[in-house]
Amino acid sequence: GQSVMEMSHRSKVYEGIINSAEILLREVMNIPDNYKVLFLQGGATTQFAAIPMNLLKTGKADYALTGSFASKAYKEGQKFGDMHAAFSSKETNFDHVPTQDELDIRPDADYFYICANNTIYGTEYQYDPETPAGVELVADMSSNILSKPVDVSKYGVIYAGAQKNMGPAGVTIVIIRDDLVSEPLPGTPTMLRYDTHVDAKSLYNTPPAYGIYMCGKVFQWLKAQGGLEAMKERNVEKAQLLYDFLDQSALFKGTARKEDRSIMNVPFVTGSDELDAKFVAEAKKVGIESIKGHRSVGGMRASIYNAMPREGVEALVKFMGEFERENA
């Protein structure tokens, strides 16, 4: 009769819950044995500081600036060392991510940082960037983790806030290769040291216990769906429905470069602020919620994470067709 919210995180029952969640995540993501999985707090934003504090050795790191969150991480990193923008798409309002050839990664950098999916601008890396020998690839996968398979072995660190595809807000997952868990910068707070949480098996202090329990349930569900290959197939199919409509539409236009389009977030505009506002208002009347775009892009944005069924995307496309016929 005791819920996960009230039991001790030091109890045998809870130990079983967190261990089970880790085992399931390792299985679903095919995480190699030489990587640690940490269940932390502080959101992805806390990792903007934790990454440089734990990984900087030479004092240099490179970042690809492809949107709001990569830019915030870069700004935070500048407090700790020599940060270099290896790429930026700011001039075109972050409408694309770099090709491998466009990356200017310094061979003596400690790591190269990317935000794998850019929620506001609707762009996503379709490949794993290659880095010079000794330069670790670090990725914020908060908004596309578990949407498709990923080769974890190509990354030094992967981290994600849980609130998109993984579980409720309050849990942050860090997947880090064993050899990168080492002495951090002098003065690094205890709670921001990866070795603190590795040594304590994510139980240094009271963890977000219920959130981790819910993550475990999601991992279980993903496994039952057929794993990440099945999720990718489903997510690509959903996104294609929407992109196919946008590509033939005379009224609506996608804002991201075609080759870099996200399968999680689809921003689009009519070109008229007045029509955009009308669309958002009328969409709400038919039960389509949270379709208004971020102020940085304007217009609309459909976030179609793992939990969104195909039927939801079909309903949106149907409504967009009706709106276009009435307002063209």
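**Strands, sheet and core**

Guide: This is a predicted model. Strand S8 (residues 157–161) is mostly covered, with 5 of its 5 residues buried.

Visitor: Which residues point which way from S8?
Guide: Val157, Tyr159 and Gly161 point one way. Ile158 and Ala160 point the other way, and all are buried. In a regular strand the side chains alternate between the two faces of the sheet.

Visitor: S7 and S8: parallel or antiparallel?
Guide: Parallel. Strand S7 (residues 136–140) pairs with S8 over 3 bridges. Alanine 139 stands opposite isoleucine 158 in S8.

Visitor: And how many bridges between S8 and S9?
Guide: S8 and strand S9 (residues 172–177) share 5 bridges, and the pairing is antiparallel. Tyrosine 159 stands opposite valine 174 in S9.

Visitor: What order do the strands of the sheet have?
Guide: The order is S1-S9-S8-S7-S4-S2-S3. The sheet is open, has 7 strands and shows mixed pairing.

Visitor: Which strands stand at the edges?
Guide: Strand S1 (35–40) and strand S3 (82–88) do. Each has a single partner strand, so one side of each is left without a neighbour in the sheet.

Visitor: How are neighbouring strands turned against each other?
Guide: By 15° on average, direction ignored.

Visitor: Back to S1. What joins S1 to S9?
Guide: 6 bridges, with the two strands running antiparallel. Valine 37 stands opposite isoleucine 175 in S9.

Visitor: Now helices. Where does H1 touch the sheet?
Guide: H1 packs on the sheet at S1 and S9. The direction of H1 makes about 130° with that of S1.

Visitor: And which strands does H2 touch?
Guide: Helix H2 (residues 43–55) also packs on the sheet. H2 touches S1, strand S2 (60–65), strand S4 (111–115), S7, S8 and S9. The direction of H2 makes about 160° with that of S8.

Visitor: Switching topic: which residues touch the most other members in the largest nonpolar core?
Guide: Met29 and Leu146, in a core of 49 residues. The largest share of this core is 8 residues, from helix H1 (residues 12–29).

Visitor: What does leucine 146 touch, leaving out residues up to four places away in sequence?
Guide: Leucine 146 touches Leu25, Val28, Met29, Asn165, Met166, Phe219, Leu222, Leu228, Met231 and Asn306.

Visitor: What lies apart from that core?
Guide: Another core, of 26 residues. Among them are Phe245, Phe252, Met320 and Phe323.

Methods:
Residues are numbered from 1 along each chain as its sequence is written. This is a predicted model: local features need pLDDT of at least 70, side-chain atom pairs count only at pLDDT 80 or more; totals for chains, interfaces and linings use all residues. Side-chain values use heavy atoms; hydrogens and water are left out. A nonpolar core is a set of buried Ala, Val, Leu, Ile, Met, Phe, Trp, Tyr and Cys residues joined through side-chain atoms within 4.5 Å. Buried means under 20% relative accessible area, exposed over 50%, partly exposed in between (1.4 Å probe, protein chains only). Helices (H or I, at least four residues) and strands (E, at least two) are DSSP runs, numbered from the N terminus. Contact means heavy atoms within 4.5 Å. Two strands pair if DSSP finds at least two bridges between them. Axes are lines fitted to C-alpha atoms, for helices over the stretch in contact, and angles run from 0 to 180 degrees between N-to-C directions.
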